[in-house]
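Please walk me through this protein model, starting with its sheet and ending with one of its pockets. Plain paragraphs will do.

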Amino acid sequence: MPLPRMRGKALRQRLAELRGPDVPAKALDARALAALAANPGCRRRAILDGAGVNKATLASALGSPSAFGQSQFALTRGNAFEAKVKADGGAELLRLVHEKLDRRADPPHEAQVPHLLATGPEGRAARTALALREATAAPGSWTLLDHPMLALDVAGSPAFLEPDAVVVHPDGSWTVVEIKSFPMLDGAADPAKVGAAARQAAVYVLALEEVAARLDPAPRVRHRILLVCPKDFSNLPTASAIDVRKQRAVTGRQLARLTRIEDIADTLPEGTCFSPELPTAELTSAVESVPATYAPECLSACELAFHCRDRSRAAGAVTSLGRSVRAELGGLSTVGDVLAAARGESGDPKDPAVAALRRAAHLRAQALGQEVTPCR
């Protein structure tokens, strides 16, 4: 029987039960939220992320270990580069912000760098909000917030996010700073990596807007973020201003469409658990009890992608061929349905997708010199 609708403490307890006894929650980050927003129909990822399940560990327990994630070498290199950018009170970082985003302001010869330490993510988020309010109330100076903590409501549950930095300009406006270790060669970086960074920064912009909305008057959250990367093949920082208005709009719209976590939890039978300590058959049954929406793009964004791909292929789902193919096929949801429609064994000939498949099969048979069945 489905559980009664849960709120607050009862929901948190239920999500802890889904993780398993004594299993710590894995916090959502902006990268995971950006990936979640890119596939809002996947209820499986929504409930697993909402419950704080470590999907990499879960994938290994299911027998489909993930190759998703950064290498230890890349993490070490990224941390070293970030430390270099923020050295001397963030002098170089603030110089880049001034140069790329706010040339009309006075140069940042001195800047405030408030301490943001507090107990727990809730305490750090409250301390960050206080620091932002104080910096905004004292215009005329620069303020650098190093690794602030922001809270964003996602499907009815708070997600705590930690951008690399947020800068408060002398006019009181706020800018998100993303620091990445991939290089900018001749002033340009890999478009795919820049796009991923922009989607991640858009999540931070949304979270900052929630903080700004609680102030009166609400300060301006800039929609041009600063992307800082190594210059060419050196370790010297360079930067580019990235407009994330499109990514912010898409991400905000997609996050708003996500099914609320308690609505998904309500549909699960009592006793459902995603603990990797469970027997493989029992764990697989629990995971499969929540529908997934697999697409090839998941391979670069989700730790469970290999497991979901195998299941999608076994079921003959056309989603394994890509979202664009799925959109073109209309009501034909399996490869078997597609082949049957192409052979004229099923499907409405007035359906544009069916008509196109039969025409394609007819042309293929002609090209191969096979006996041609007239299109109907």
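The model is predicted, so local features are given where pLDDT is at least 70 and side-chain atom pairs count only at pLDDT 80 or more, while totals for chains, interfaces and linings use all residues. Residues are numbered from 1 along each chain as its sequence is written, and side-chain values use heavy atoms, with hydrogens and water left out.

The sheet comes first. Six strands form an open sheet in the order β1-β2-β5-β6-β7-β8, with mixed pairing. Strands (E, at least two residues) and helices (H or I, at least four residues) are DSSP runs numbered from the N terminus, and two strands pair if DSSP finds at least two bridges between them. β1 (111–112) and β8 are at the edges with a single partner strand each, so one side of each has no neighbour in the sheet.

Within this sheet, β2 (residues 142–146) pairs with β5 (residues 165–168) in the antiparallel sense over four bridges. Leu145 is opposite Val166 in β5. β7 (residues 224–230) and β8 (residues 237–243) also run antiparallel, joined by seven bridges. Arg224 has Asp243 of β8 as its bridge partner. The two strands, β7 and β8, form a hairpin with six residues between them, and Asp232 in the turn has a positive phi of about 50 degrees.

Two loops carry backbone features of their own. Asp186, in the loop between β6 (174–179) and α8, has a positive phi of about 55 degrees although it is not a glycine. The loop between α8 (191–213) and β7 contains Pro217. The peptide bond that joins Asp216 and Pro217 is cis, with omega about 0 degrees.

Next, the helices. Two packed helices are described by the angle between their axes and the distance between the axes. Axes are lines fitted to C-alpha atoms, for helices over the stretch in contact, and angles run from 0 to 180 degrees between N-to-C directions. α8 lies across β5, β6, β7 and β8, and runs at about 150 degrees to β6. The axes of α8 and α2 (residues 30–38) cross at roughly 100 degrees and come within 8 Å. These two helices, α2 and α8, are therefore roughly perpendicular to each other (angles of 65 to 115 degrees count as such). Their contact (heavy atoms within 4.5 Å) is made by Ala30, Arg31, Leu33 and Ala34 of α2 and Arg199, Gln200, Val203 and Tyr204 of α8.

On the α5 side the contact involves Ala83, Lys84 and Val85, and on the α6 side Ala87, Gly90, Glu92 and Leu93. By class, these residues are four nonpolar, one polar and two charged; Ala, Val, Leu, Ile, Met, Phe, Trp, Tyr, Cys and Pro count as nonpolar, Asp, Glu, Lys and Arg as charged, and the others, Gly among them, as polar.

Last comes a pocket. On a 1 Å grid over the protein atoms alone, a pocket is an open set of points where a 1.4 Å probe fits, with protein on both sides within 12 Å along at least five of seven lines, and lining residues have an atom within 4 Å of a point. A volume is the space filled by probe spheres set on the points, which are joined across faces, edges and corners. The second largest pocket has a volume of about 550 Å³. Its lining has 25 residues, of which Arg12, Leu15, Gly50, Ser157 and Pro158 are the closest to the centre. α1 (8–19), α3 (43–50) and β4 (157–161) each supply at least two residues of this lining.

Notes: Parallel < 35°, antiparallel > 145°, perpendicular 65-115°, else oblique.
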